[in-house]
Amino acid sequence: MSVNRGEPGAQDREPFRADEWLAARRADQPGGRGSSSPFARARGTDGSQPRTQTPPPVPTSEDHDPTSLPLFAGAWTSDDQLPGRTRSDFTLRPLVASADDQPHAIAPTNDADADGAGVAEVELDWELIAQYRAEISSRLTARLDKEGGRVTEDDREQMGLDVIDEFIKSEAETLVSTGRLPWSRQQEAALKGALKAALFGLGRLQPLVEREDVENIVVIARGSECAVWLELVDGTLVEAAPIADSEDELREFLADLGSRQNRPFTEARPHLDLRLPGGARLAAGSWVMAYTSVVIRRHGMREVSMDEMVYDREACGAVLADFLAACVRAGKSIVVSGVQGSGKTTWVRALCSCIPPWEMIGTFETEFELHLHELVDRHKIVHAWEHRPGSGEVGIDGRQAGEFSLEEAIHHSFRFNLARQIVGEVRGPEVWNMLKAMESGPGSISTTHARSAEHTIEKLVSCAMEKGPQVTRELAISKLAAAIDIVMYLRSDVVPGPCDGTFRKQRWVEEILVVQPSIDAARGYATTPIFAPDQRGPAVATGKLDNFLAQELARHGFDLESYKAESAVHEGANRGVAIT
């Protein structure tokens, strides 16, 4: 095929060769030889007939650079010239650029080889990931519609991963076809992980929840700002990258999380409590708070034993641990109290480790936190109930459709032949659920917030009276004093490290009380400190253990001689007092 047919003599010439075209184009560049047109050799610079042809210059490596072709001559410099393909109103553009085009895109933590064996951090465009997620979600929904109702949750996730792989492959081809640098293996892996987290996980929150050194995640969003703080297991508080670009985006994210567990988060339901994948507990509030606030509690220690609490965490002495283990085996009802973050849930797990493996256990929680049902090697049979809030209109009975309360769960559990009933956190009228469990069988364990061991009973009395005017103080005290055997109070404090300027969080058992009914008209119950606070560390034996209780615990393995020896050592010592 010939060119320049409209010019004189054009029919008598051969088509341009590639090397001639590249040489002509190079000559046309500033400082080069020739005229202003890459086709100037077909005619004189003044438009006259072509001159005698001369051999073209020898092509150089620059002439063979494909990026010099017209296809790659342009560069998109604004949002008005977005590259890539367009599907309906959904515009795609490269997620991450090379280090030359986008200096902040990749920040390697160490050298990475060509095979991607090294480790590198890739900064992702989360706004674009949200767009990608919407497109992938649309494709996945279309596939699920074709499958009908025959898809399991595992199949749905696998189908979503296949859609993500296809999408990434398609976009990678688009990058190459539009002259962009292709994604590296690290970039592609980071993108796939981010899309999987956005579609099935926790999105930008996922890496924080997976960190083993994090205990609490605190998020406060106000307008266009989103501050994230991490409380590490040693008590250190550090700032982290935002998990949302605005308060509205955080609200949408929380609403999506709640919808997965049938827990709405709207202006009509401005609070959200749920269990995240992996076992972390999330509490969030908005609209009725100054800002949107989120607190996530990670449970790092699940399979914990009494020995670990004594020797690894130094939370109590060996004699105190022996006493608690004997109380559990003897079927004593125990309330674990303390301020927020003092380790109550961890201690309940440790106490439950003393339950014989053949006993059938029932757990009752607003959100699963104990996870005893997952420790199948330790607890053979565990029936776990979880509260479910309702949604929609409130019925004539004052309840929302679909609501399942802990009271219903405990009533239902009486047909499950349980040996133990473990009620989770008590914060209000659910104390009646705790009492019903304690009155129904031995060895119930619960937790509550309180400022001291003595104040624990008063706190539970107040919670019981929230049930309604039919619950008087006298009724609440009589029931609590008869049902509770042991109050175990925990303390936590952040203390400076050993001469290195750091801080770490310490938790320990500060006091153990034995609770009994009393004819005292003022209180209605009596408490005896079996282990009391000590200025040098965890609580120590006081020697005030009742002989009847001592003999009962001795039958379940309690070492009375060790208790007497410890109390003798600390007799008359300068003990501290519980802070109220």
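Residues are classed by relative accessible area: buried means under 20%, exposed over 50%, and partly exposed in between (1.4 Å probe, protein chains only). The model is predicted, so local features need pLDDT of at least 70 and side-chain atom pairs count only at pLDDT 80 or more, while totals for chains, interfaces and linings use all residues. Residues are numbered from 1 along each chain as its sequence is written, and side-chain values use heavy atoms, with hydrogens and water left out.

Salt bridges were searched across the whole structure, and 23 were found. A salt bridge is a side-chain nitrogen of Lys or Arg within 4 Å of a carboxyl oxygen of Asp or Glu. One of them pairs K192 with D165, with the closest N and O atoms 3.5 Å apart. K192 sits in helix 4 (residues 185–200) and D165 in helix 3 (residues 153–177), 27 residues apart. Helices (H or I, at least four residues) and strands (E, at least two) are DSSP runs, numbered from the N terminus. K192 is partly exposed at 30% relative accessibility. D165 is also partly exposed, at 36%.

R275 and E386 form another salt bridge (3.5 Å, N to O). This pair links strand 8 (residues 271–275) to strand 13 (residues 382–386), across 111 residues. R275 counts as partly exposed because its relative accessibility is 25%.

In a further pair, the closest N and O atoms of R281 and E369 are 3.1 Å apart. R281 is partly exposed, with a relative accessible area of 22%. E369 is buried, at 8%.

Strand 20 (residues 525–534) is mostly covered, with seven of its 10 residues buried. Two strands pair if DSSP finds at least two bridges between them. Strand 20 runs antiparallel to strand 19 (residues 503–517), and six bridges join the two. Here V515 stands opposite T527. Three bridges join strand 20 to strand 21 (residues 537–541), again antiparallel. F531 has A541 as its bridge partner in strand 21. A hairpin of two residues connects strands 20 and 21.

Two loop residues other than glycine have positive phi values. Phi of E314 is near 50 degrees. E314 lies between helix 7 (306–312) and helix 8 (318–329), and is exposed at 56% relative accessibility. Phi of N417 is near 55 degrees. N417 lies in the loop between helix 10 (406–413) and strand 16 (420–426). N417 is exposed, at 59%.
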